[in-house]
Amino acid sequence: MSINATLIGQMITFTLLVWFTMKYVWPPIIAALEERKTKIAQGLAAAEKGQEEIKLAEKKAKTLLKEAKEQSVEIVSAAQKRANQVVEESKDQAKKEGERLLEAAKAQIEQEMLQARESLRKEVSSLALRAAEQILKEEIDKAKHQDILSRAADQLG
């Protein structure tokens with residue numbers, strides 16, 4: 001094996017290439033790889049943190065949903081209770097109104113009965129007076145016999 005100037009030149013060139021690569025090419029590549037590695041690690045950490053936040057959010061959502069369901073059940077129950085109260089109040093009011101109308105009708109019937117009795121008394125007394133006039137064929141004084149007619153009307157009623 002012979003060592004000549006070409007081999008020495010190639011060795012020097014190779015050494016310069018290695019030195020140049022290590023001095024100017026390799027550091028930016030290593031820095032870019034480190035930066036990329038850091039970004040990937042941060043991304044993975046953020047993804048894990050995101051997963052944990054999602055789990056917490058799901059847990060919180062389930063809790064809120066459970067509370068909302070409980071509140072809705074309470075609201076429906078309260079509404080049902082209030083509806084029952086309103087129905088009972090309406091029934092009571094309707095019953096009172098019916099009783100009031102019944103009392104008013106009874107009072108009106110009583111009033112009409114009194115009016116009818118009074119009218120009937122007057123009519124009977126008038127008929128009795130006419131009948132008496134016809135029987136006696138005499139003239140009867142209304143003012144003079146009014147007391148007798150009133151007593152007769154009271155006996156009828």
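Predicted model: local features only at pLDDT ≥ 70, side-chain atom pairs only at ≥ 80, totals over all residues.
Residues are numbered from 1 along each chain as its sequence is written. Local features need pLDDT of at least 70 and side-chain atom pairs 80 or more, while totals for chains, interfaces and linings use all residues, and side-chain values use heavy atoms, with hydrogens and water left out.

**Exercise 1. Work out how the span of H1 sits against its expected value, and find its kink.**

Start with what a helix is here: a DSSP run of H or I with at least four residues, numbered from the N terminus. H1 covers residues 5-136, and it has 132 residues. Next, take the expected span, which is 1.5 Å times one less than the number of residues. A kink of about 45° turns up at Trp26, shortly before Pro27.

**Exercise 2. Find the aromatic pairs and say how exposed their rings' residues are.**

Rings of Phe, Tyr and Trp (its six-membered ring) pair if their centres lie within 6.5 Å; planes under 30 degrees apart are stacked, over 60 edge-to-face, the rest tilted. The count by this rule is 2 aromatic pairs. Trp19 and Tyr24 make an edge-to-face one, 6.1 Å centre to centre with 85° between the planes. Phe20 and Tyr24 make a tilted one, at 5.3 Å and 45°; these two sit 4 residues apart in H1, about one turn of the helix. Put together, ring pairs link Trp19, Phe20 and Tyr24 into a cluster.

For exposure, buried means under 20% relative accessible area, exposed over 50%, and partly exposed in between (1.4 Å probe, protein chains only). Trp19 is at 49%, so it counts as partly exposed. Tyr24 lands in that class because its value is 47%, and Phe20 is partly exposed at 43%.

**Exercise 3. Say which helix gives the most to the lining of the largest pocket.**

H1 does, with 8 residues. H1 and helix H2 (142-156) each supply at least two lining residues.

Note on methods:
Bend = angle between axes of the 7 residues up to and from the residue.
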